[in-house]
Amino acid sequence: LAVATELSAAMPVQFLVSPRRRGYHEMAGWINQLAALATGDWLLVWNDDARMTTAAWDQIISAVVVIDRPNWHGIDEICLMCCTTRDRPGCREFPILRREVVGILGHYALSVHADNWIWTVMNHVDSAFLCPIEVDHLSADMTDQVRQDTEAVVKTGTIETLTSPAARRQQLTDAVKVLDYIGHKKVLAG
């Protein structure tokens with residue numbers, strides 16, 4: 001809290017202070033609340049145990065450099081980029097999402113696995129890309145206490161909030177909302 005207060009005195013920063021009652025289980029709620037407070041064009045979900053290793057990463061985001069495939073629909077505000085995590089190939093961590101998507105969905109994610117949730121939704125609409133930004137996620141070491149705590153929570157059934165039939169239906173509902181937005185924008189563009 002002291003660091004957040006100090007930051008807010010130096011720059012326009014908003015922060016959310018919440019009791020940790022259920023810890024990791026409440027992650028999606030915190031991310032949704034923070035996304036609702038955000039005023040920037042891009043939302044970057046970040047961990048305190050991660051470090052950017054790519055120089056000029058902010059310029060890459062600004063340029064929307066996409067290395068995976070082109071954006072088929074041409075609607076710039078529908079885009080998700082995920083960083084490459086050093087030593088964890090295939091991970092879709094540290095998503096960088098256009099804020100407009102949260103406005104369309106009414107939330108960022110409905111699972112504690114928020115990064116995987118939004119990747120799945122945006123991948124359904126062919127708008128999820130890997131970007132050339134590398135992150136060193138310090139908890140990639142499975143002996144790290146934070147990583148062990150996270151793995152313990154996953155074993156309590158949190159993966160069901162991402163993969164159950166109800167979660168899959170909601171992810172598809174989210175994807176349809178985004179597709180409807182894309183369709184509407186294309187009609188308006190003529």
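Reader: What should I know before starting?
Author: The model is predicted: local features need pLDDT of at least 70, side-chain atom pairs count only at pLDDT 80 or more, and totals for chains, interfaces and linings use all residues. Residues are numbered from 1 along each chain as its sequence is written, and side-chain values use heavy atoms, with hydrogens and water left out.

Reader: Is Asn32 buried or exposed?
Author: Buried means under 20% relative accessible area, exposed over 50%, partly exposed in between (1.4 Å probe, protein chains only). Asn32 has 19%, so Asn32 is buried.

Reader: Which residues does Asn32 touch?
Author: Contact means heavy atoms within 4.5 Å. Leaving out residues up to four places away in sequence, Asn32 touches His107, Tyr108, Ala109 and Leu110. A polar atom of the Asn32 side chain lies 2.8 Å from the backbone oxygen of Ala109.

Reader: In what order do the five strands stand?
Author: Strands are DSSP runs (E, at least two residues), numbered from the N terminus. Two strands pair if DSSP finds at least two bridges between them. Here the sheet is open, its order is β1-β4-β3-β5-β2, and the pairing is mixed.

Reader: Which strands stand at the edges?
Author: β1 (42-44) and β2 (50-52) do. Each has a single partner strand, so one side of each is left without a neighbour in the sheet.

Reader: How do β2 and β5 pair?
Author: β2 and β5 (residues 128-137) pair in the antiparallel sense over three bridges. Ala50 stands opposite His137 in β5.

Key: A polar contact is a pair of N or O atoms within 3.5 Å; within protein, one must be able to donate a hydrogen and the other to accept it, and residues adjacent in sequence count only if both atoms are side-chain atoms. Helices (H or I, at least four residues) and strands (E, at least two) are DSSP runs, numbered from the N terminus.
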